[in-house]
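Colleague: Could you take me through this model and explain the words you use for its parts as we go?
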Amino acid sequence: MNEYISTALEWILGWSIPISIITCAPAAGWIFHGVVVRRIARMLPAVGWEPGKVILGALGRMTIFWFLLAGVYVAALTLSPKEATLASIRTWVTVFAIFSVTIVASRAIVGIIDAYAKKSEGLLPSTSIFANIARAVIFIIGILVILQFLGISIAPILTALGVGGLAVALALQDTLSNLFAGLQIIMSRQIRQGDYVELDAERRGYVVDISWRNTMIRGLGNNHIIIPNSTLASAVVVNYHLLEADISVVVPVGVAYDSDLERVELVTLEVASEIQRTLPGAVKEFEPMVRFGGFGDSAVTFNVILRAREYVEQFAIRHEFVKRLHRRYAEEGIEIPFPIRTVYMKESLKNT
């Protein structure tokens, strides 16, 4: 009986230290992350982007995982295992450490790209294609390092990739075409995130993202249009935000032939100027214009030219201008005529 008790006590004492180390290691990592890492991140100065936020975003909770790996290895040392077992534990701890460093590196690079894109005012477009390419390259490098560490020669793998590259390129022609078309769209900077573009009457909206295969456009109805990059690169696109986002708003108007055109022009400009000064989406510095265009079937026609800050604001400006102009014309006695057509009928006499 005493032998069983002593064996149990030895087992408990033998495993208590490793279990305590493995249990306390994540807690130590959590304290280290909260006290040391966060304090260092807050102390870093901003250098065109915020490295502190990038570091915290890249690390996440990985510090706790690293402390756990260290705790597992130290706990294994306290058990005095066989050399082969210890070597196996050391190998797998190293593999997990390399893979976790790869994850942190990919997060950091993507975070730097996004942060720099936001601070560079359009110099580097903030699109997912760059993030995806950077993430893929870093993960490939990390996997190759792990294979090399495990003693697996990567030379045959690289050779196979080189030989199979041609077959892959032939099989993925459409995908590669979209990839390089997306890169061309981004590097030309003629279509950028946030731009309002129009391919035709049904495909227009704000560019949300340019990925490795598609460009996503959000329409005014909050519907999303997915366009292959190769299609977008070869299409005739109207970009309402290229160079400047301001857009002219032309409203056609017609008044009766017996109207005083000088007075009509004065009243119309007063209403248009009020619209330009008061509406949030109007360009306040712009002076509206009235340009008579011709003689219609029942009215003297002219165009009123206003200016909106961007494409979607024209609808609110046009809406409010028509309402106020209609009310002002009614107050001033200016007539907006109905369409009128005079028909002359010629009576023909038949010889009887």
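Colleague: Why is Phe315 called partly exposed?

Modeller: The relative accessible area of Phe315 is 42%, and partly exposed is the class between buried (under 20%) and exposed (over 50%), with a 1.4 Å probe and protein chains only, so Phe315 belongs in that class. Before we go on, note that this is a predicted model, in which local features need pLDDT of at least 70 and side-chain atom pairs count only at pLDDT 80 or more, while totals for chains, interfaces and linings use all residues. Residues are numbered from 1 along each chain as its sequence is written, and side-chain values use heavy atoms, with hydrogens and water left out.

Colleague: What makes Tyr311 and Phe315 an aromatic pair, and of which kind?

Modeller: Rings of Phe, Tyr and Trp (its six-membered ring) pair if their centres lie within 6.5 Å, and planes under 30 degrees apart count as stacked, over 60 as edge-to-face and the rest as tilted. The centres of Tyr311 and Phe315 are 5.9 Å apart and their planes make an angle of 80°, so the pair is edge-to-face. A search of the whole structure gives ten aromatic pairs, and Tyr311 and Phe315 also belong to one aromatic cluster with Tyr196, Tyr206 and Tyr240.

Colleague: How do you know whether Gln314 is buried or exposed?

Modeller: Its relative accessibility is 8%, which is under the limit for buried, so Gln314 counts as buried. Gln314 lies in helix H10, residues 313–332; helices (H or I, at least four residues) and strands (E, at least two) are DSSP runs, numbered from the N terminus. Leaving aside residues up to four places away in sequence, Gln314 touches Ile247, Val249 and Ala308, where a contact means heavy atoms within 4.5 Å.

Colleague: How do you know that the length of H10 agrees with its number of residues?

Modeller: The expected span is 1.5 Å times one less than the number of residues, which for the 20 residues of H10 comes to 28 Å, and the end C-alpha atoms of H10 are 28 Å apart, so the two agree. Just after H10, Gly333 takes a positive phi of about 75°.

Colleague: Why do you say that the buried residues of H10 line one face of the helix?

Modeller: The buried residues of H10 are Gln314, Ile317, Glu320, Phe321, Arg324, Leu325 and Tyr329. Seen down the helix axis, they fall within an arc of 160°, taken from the directions from the axis to the C-beta atoms, so they line one face. On the other side of H10, His326 and Ala330 are exposed. The buried residues pack against strand E6 (247–255), helix H9 (261–278) and strand E8 (300–308).

Colleague: Which residues of the largest nonpolar core touch the most other members?

Modeller: A nonpolar core is a set of buried Ala, Val, Leu, Ile, Met, Phe, Trp, Tyr and Cys residues joined through side-chain atoms within 4.5 Å. The largest one has 26 residues, and Phe302, Val304, Leu306, Phe321 and Tyr329 touch the most other members. E6, H9, E8 and H10 are the elements that give two or more residues to this core. Apart from it lies another core, of 15 residues, including Ala134, Val197, Ile217 and Leu232.

Colleague: Why are E4 and E5 called edge strands?

Modeller: The open sheet has five strands in the order E4-E3-E2-E1-E5, with antiparallel pairing. Strand E4 (224–228) and strand E5 (238–239) each have a single partner strand, so one side of each is left without a neighbour in the sheet.

Colleague: What makes E1 and E5 a pair?

Modeller: Two strands pair if DSSP finds at least two bridges between them, and two bridges join strand E1 (residues 196–198) to E5, so this antiparallel pair meets the condition. Glu198 stands opposite Val238 in E5.

Colleague: How many bridges join E2 to E3?

Modeller: Four bridges join strand E2 (residues 204–210) to strand E3 (residues 214–218), and the two run antiparallel. Asp209 has Met216 in E3 as its bridge partner, and Met216 also stands opposite Ile226 in E4. A hairpin of three residues joins E2 to E3, whereas the hairpin of E3 and E4 has five residues between the strands, with Asn222 in the turn at a positive phi of about 65°.
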